[in-house]
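Biologist: Hi! I'm new to this one, could you walk me through it?
Modeller: Happy to, let's bring it up on the screen.

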Amino acid sequence: MIFLAFRQLVSRKRQTLLTLAGIILGTIAFIVISGIMLGFREFFIDQLVNNDAQVHITSKETIIDTPALSTFFFPKIEHVFWNTPPSTRKDHARIIYPAGWYKRLDNDPRIAAYSPQLKTQIILTHYGKAISGQLIGVVPSRQQHVTTIRNYVHGGKFTDIGAGSNRIILGQELLEKLGAHVTERIWISNGRSAPIPFKIVGSFQTGVSALDANTVFGSLSDAQHLNQTPGYVNEIAVRLKHIDQAKQVSEDWQKFGDEKVQSWDQANASFFNIFKIQDAIRYMMITCILMVAGFGIYNILNMVVTQKRKEIAILRSIGFEAKDIIFLFFIQGVVLGILGGLIGVLVGYGLCLYLSQVPFGGGPLGKGTGTLTVSFQPAIYIRAFTLSFIASIIASVLPARAAGYMTPIDIIRSES
Amino acid sequence: MSILLENVNKFFNTPPTQVLTDITCDIKLGEFVSLVGRSGSGKSTLLYIMSSLDTATSGSIKIAGDEISTFSQKKLHQFRNEHMGFVFQFHYLLPELTAEENILMPARKKGLHHKKRDYAHHLLEEFQIKHKFDRLPKQLSGGEQQRVSIARALIMEPSYLFTDEPTGNLDSANGEIVMTIFKKLNLEKKTTIVMVTHDPDFANIATRQIYLSDGKIT
Ligand SMILES: Nc1ncnc2c1ncn2[C@@H]1O[C@H](COP(=O)(O)OP(=O)(O)O)[C@@H](O)[C@H]1O
Ligand SMILES: [Mg+2]
């Protein structure tokens with residue numbers, strides 16, 4: 001029967017090729033769309049995971065509101081009426097007892113590295129141009145082990161910020177906005193104090209606009225000095241040995257102290273919602289494409305079964321059973337599915353290879369090489385093949401069964 | 001190994017018609033029987049019932065003593081494959097296959113298509129179409145197509161050959177050729193042949209004629 005199935009497939013070349021084209025297109029579409037979407041996602045997650053710490057321990061911004069003040073100042077009075085209801089927050093958010101955290105972090109086997117930071121809002125001034133930004137005071141040797149920042153530094157080394165006092169590295173975009181250059185001196189103030197001069201020892205470009213346009217790295221002690229808060233730390237950035245432990249770790253630590261502990265995926269929860277929507281759209285699109293391809297197979301096989309009624313009758317009369325007839329048509333769908341799926345996978349792979357080499361103009365999508373990131377996860381290919389194969393099988397089962405139900409006598413009678 | 005029909009009735013529901021009424025007949029081994037009668041008298045229906053392609057509404061059909069209705073589908077198809085050959089008015093050749101491959105289809109069911117090749121060529125030679133063995137059906141004339149379909153019916157060397165108007169689509173010269181083949185087959189191989197025809201000359205070639213009129217044997 002396989003022999004006959006192949007003969008029939010070959011003898012109706014046009015239909016076979018058209019059906020194949022449908023399956024191939026469906027498979028390619030799945031692979032390319034998935035490749036680009038997941039490639040973007042991999043790139044994006046890579047950025048999230050590596051450019052930033054995997055777990056952040058941050059001091060809470062404590063809001064001091066009216067009831068809190070009322071009970072603090074007038075503990076005995078039940079109803080306190082204020083002329084102007086007060087509301088404020090503590091002047092400096094900070095981790096109250098960082099040494100406790102350091103000890104905990106040093107003893108936790110899941111931790112690869114951690115880096116205490118002081119993050120503070122600043123105003124950068126360069127020849128009358130003033131731009132606000134964020135200064136992250138770090139211990140460079142520690143910070144280097146927590147994020148991949150040093151890979152993105154131009155004009156110097158990341159550790160240069162610790163090589164002397166008042167040295168900084170700026171995001172490339174920020175540097176351009178200021179019109180400043182590496183080795184120049186700019187003035188930084190925290191808004192409350194007189195500006196202090198800092199020397200630019202390098203710039204960095206991570207591709208994440210939010211970082212590149214806004215962030216300044218300096219040494220922790222310089223930042224504490226600028227902020228007039230010696231010894232203060234308001235964040236500890238942590239890198240784990242295994243990224244999948246991030247959530248667990250953050251849940252464990254949540255129990256300690258006043259600090260807010262957030263893993264990278266919690267911090268970026270909204271992105272994961274976008275990914276979910278992307279996945280839904282991707283699968284919907286693929287389902288549509290495969291349904292069209294599946295309908296193609298179904299239609300053609302149905303037509304073939306109708307055309308081949310006479311031959312079904314004669315096959316039955318020479319001793320081929322219903323199951324042989326079902327097999328005859330089913331195998332054609334399966335062959336189309338496998339062939340279309342395989343070709344689709346190959347062409348899809350080729351197309352993805354090509355796409356991954358197409359220059360893709362910088363921007364947040366551009367990698368260091370400036371090309372599109374395409375995912376080559378084997379799962380994409382397995383899934384694409386499986387989906388097109390399943391679609392072909394479903395589409396072939398019905399016509400094949402219909403053919404099996406035909407009895408020779410009905411066909412022969414209707415012919416004469 | 002005779003075919004025995006007893007009180008066979010065939011009733012169609014749409015539209016309600018009694019096509020065969022109380023048919024009792026016996027087709028002995030080695031006989032060449034022709035079924036004759038006017039168009040619509042039920043010849044084809046009778047042929048298909050006695051050859052297991054169709055089922056009777058009531059009555060019994062025994063082949064070599066076994067009641068056909070008790071056969072499983074598998075056994076029925078196997079029996080057809082080994083013991084029965086069919087030739088219809090139309091050749092019903094598979095258009096994708098060459099003459100030789102078409103002839104060998106019944107053998108292929110049992111994986112005998114290599115063994116039976118020589119016999120297929122022998123049949124082709126006997127039917128004077130040996131040199132056309134690798135042609136597709138559409139590259140053959142009507143007479144040649146019918147001869148290929150006869151060869152296909154004979155490849156398993158069946159005990160019975162059932163044929164419904166085998167010459168219905170052929171000119172008289174080709175009709176003669178087909179009839180000569182049947183006669184020779186019956187004489188030399190002792191194949192039991194049941195043939196439906198409304199050509200009186202061809203009917204006369206048979207050793208016995210069964211007349212049907214309005215679904216009854218007369
Ligand atoms: N499937 C069917 N349903 C209803 N009537 C049928 C069917 N097949 C055949 N008939 C009727 O049965 C009668 C006998 O048909 P058939 O055996 O083909 O006659 P013949 O072969 O002698 O011309 C005809 O009247 C035909 O209309
Ligand atoms: Mg008839």
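The chat below goes through the pockets, the ligand and a few backbone details.

Biologist: Before we start, what kind of model is this?
Modeller: This is a predicted model.

Biologist: Good to know. What volume does the largest pocket have?
Modeller: The volume of the largest pocket is about 760 Å³. It is lined by 32 residues, and the closest to its centre are Asp52(A), His56(A), Lys119(A), Ala210(A) and Leu211(A).

Biologist: Which helices and strands supply that lining?
Modeller: Several elements of chain A supply at least two residues each. The helices are H2 (13-51) and H7 (209-212). The strands are S1 (55-58), S4 (111-126), S5 (129-138), S10 (215-219) and S11 (235-240).

Biologist: And which of them gives the most to the lining of the largest pocket?
Modeller: That is H2(A), with six residues.

Biologist: Which domains does the lining of the largest pocket draw on?
Modeller: At least three residues come from each of domain 1 (2-49 + 271-415) and domain 2 (88-258) of chain A.

Biologist: How does the lining of the largest pocket divide by class?
Modeller: There are 15 nonpolar, 14 polar and three charged residues in that lining.

Biologist: Let's switch to the ligand. Where does ligand 1 lie?
Modeller: Ligand 1 sits between chains A and B. It has 13 residues around it, and those that come nearest are Arg413(A), Gly40(B), Lys43(B), Ser44(B) and Thr45(B).

Biologist: Which residues have N or O atoms by an oxygen atom of ligand 1?
Modeller: The side chain of Ser44(B) has an N or O atom 2.6 Å from an oxygen atom of ligand 1. For Gly40(B), a polar backbone atom is 2.7 Å from a ligand oxygen. Ser41(B) also uses its backbone, with an N or O atom 3.3 Å from an oxygen atom of ligand 1.

Biologist: How much of the ligand does the protein bury?
Modeller: The protein buries 67% of the 570 Å² that ligand 1 exposes when taken alone.

Biologist: Which elements give two or more residues to the shell around ligand 1?
Modeller: Those are strand S2 (17-27) and helix H1 (43-50) of chain B. H1(B) gives the most, with three residues.

Biologist: And the classes in that shell?
Modeller: The shell around ligand 1 has eight polar residues, three charged and two nonpolar.

Biologist: New topic. How many cavities of 30 Å³ or more does a search of the whole structure find?
Modeller: The search finds two. The largest cavity has a volume of about 70 Å³.

Biologist: What lines the largest cavity?
Modeller: Residues from both chains do: Ile314(A) and Ile318(A) are in the lining, and so are chain B residues including Arg80(B), Met84(B), Phe86(B) and Met156(B). Helix H2 (73-83), strand S6 (84-87) and helix H6 (142-154) of chain B each supply at least two residues. By class, the lining of the largest cavity divides into seven nonpolar, three polar and two charged.

Biologist: What about Thr183(A), what is its phi?
Modeller: Thr183(A) has a positive phi of about 80°, although it is not a glycine. Thr183(A) lies in the loop between helix H6 (172-178) and strand S8 (185-189) of chain A.

How values were computed:
Residues are numbered from 1 along each chain as its sequence is written. Chains are lettered from A and ligands numbered from 1 in the order in which they are written. Side-chain values use heavy atoms; hydrogens and water are left out. On a 1 Å grid over the protein atoms alone, a cavity is a set of points where a 1.4 Å probe fits but cannot get out, and a pocket is an open set with protein on both sides within 12 Å along at least five of seven lines; lining residues have an atom within 4 Å of a point. Grid points are joined across faces, edges and corners, and a volume is the space filled by probe spheres set on the points. Helices (H or I, at least four residues) and strands (E, at least two) are DSSP runs, numbered from the N terminus. Ala, Val, Leu, Ile, Met, Phe, Trp, Tyr, Cys and Pro count as nonpolar, Asp, Glu, Lys and Arg as charged, and the others, Gly among them, as polar. Domain bounds come from an automatic or database domain assignment. A residue is near a molecule or strand if one of its heavy atoms lies within 4 Å of it. A polar contact is a pair of N or O atoms within 3.5 Å; within protein, one must be able to donate a hydrogen and the other to accept it, and residues adjacent in sequence count only if both atoms are side-chain atoms. Accessible areas come from the Shrake-Rupley method with a 1.4 Å probe; for residues, only the protein chains shown count as cover.
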